[in-house]
Amino acid sequence: MITCEQASIICDKVQYGEASLWERVQLWYHLIGCRNCSQYSIKNEKLTTLCQLAKLNGFSRLEKQELKQQLKKSI
C-alpha cells in the first residue's frame, strides 16, 4: 500500500496524464481507504476541468528552457 504522500504525487501525475497504469491502480486502491486523499483527488479533478474550460496554456518546453537560461544568466 502506498502512503498519502505517494498518493498525492500520483494524483498530480494523473492530472497531467503522466501516471502509469500501475500507479493508477495503486492510487485507486489507496483512495478506497483514505478519505483525505479521496477529497484531494476530487479537488484535483475539478481543478483540471476548470483549467481546461478556461483554456489556460503554460509555457512550451522551448519557452521553459529559454526562461531557465535567462534566469541562470541573471544570477
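This is a predicted model: local features need pLDDT of at least 70, side-chain atom pairs count only at pLDDT 80 or more; totals for chains, interfaces and linings use all residues.
Figure 1. A search of the whole structure turns up 0 disulfides, and Cys 34 is in none. Which cysteine sulfur is nearest to that of Cys 34? The sulfur of Cys 37 is, at a distance of 3.6 Å.

**Figure 2. Cys 51, a partly exposed cysteine.** Here is another cysteine that takes part in no disulfide. For Cys 51, the nearest cysteine sulfur belongs to Cys 11 and is 14 Å away. With a relative accessibility of 28%, Cys 51 counts as partly exposed.

**Figure 3. Helix α1 against helix α3.** Two packed helices are described by the angle between their axes and the distance between the axes. Helix α1 covers residues 4-15 and helix α3 covers residues 35-54. Their axes are 10 Å apart, and the packing angle is about 20°. That angle makes α1 roughly parallel to α3, because angles under 35 degrees count as such. The crossing of α1 past α3 is right-handed.

**Figure 4. Helix α1 against helix α2.** What angle do α1 and α2 make where they pack? The angle is about 125°, with the axes 10 Å apart, and that makes α1 oblique to α2. The crossing of α1 past α2 is left-handed. On the α1 side, the contact is made by Cys 4, Ala 7, Ile 10, Cys 11, Lys 13 and Val 14. On the α2 side you will find Glu 23, Arg 24, Gln 26, Leu 27 and His 30. The residues of this contact of α1 with α2 divide into 6 nonpolar, 2 polar and 3 charged.

Figure 5. His 30 lies in helix α2, which covers residues 21-33. Is His 30 buried or exposed? His 30 is buried, with a relative accessible area of 4%. Leaving out residues up to four places away in sequence, His 30 touches Met 1, Ile 2, Thr 3, Cys 4, Ala 7 and Cys 37.

**Figure 6. Met 1, ahead of the helices' contacts.** Met 1 sits in the segment before α1 and is exposed, with a relative accessible area of 72%. Beyond its neighbours within four places in sequence, Met 1 is in contact with Tyr 29 and His 30. Gln 26 is 25 residues from Met 1 along the chain, and the C-alpha atoms of these two residues are separated by 7.2 Å.

**Figure 7. Gln 52 on helix α3.** Gln 52 belongs to helix α3. With 56% relative accessibility, Gln 52 counts as exposed. How many residues apart along the chain are Gln 52 and Lys 13? They are 39 residues apart, with their C-alpha atoms separated by 16 Å.

How values were computed
Residues are numbered from 1 along each chain as its sequence is written. Side-chain values use heavy atoms; hydrogens and water are left out. A disulfide is a pair of cysteine sulfur atoms within 2.5 Å. Buried means under 20% relative accessible area, exposed over 50%, partly exposed in between (1.4 Å probe, protein chains only). Axes are lines fitted to C-alpha atoms, for helices over the stretch in contact, and angles run from 0 to 180 degrees between N-to-C directions. Helices (H or I, at least four residues) and strands (E, at least two) are DSSP runs, numbered from the N terminus. Angles under 35 degrees count as roughly parallel, over 145 as roughly antiparallel, 65 to 115 as roughly perpendicular and the rest as oblique. A crossing is left-handed if the near helix is turned anticlockwise from the far one by less than a right angle, and right-handed if clockwise. Contact means heavy atoms within 4.5 Å. Ala, Val, Leu, Ile, Met, Phe, Trp, Tyr, Cys and Pro count as nonpolar, Asp, Glu, Lys and Arg as charged, and the others, Gly among them, as polar.
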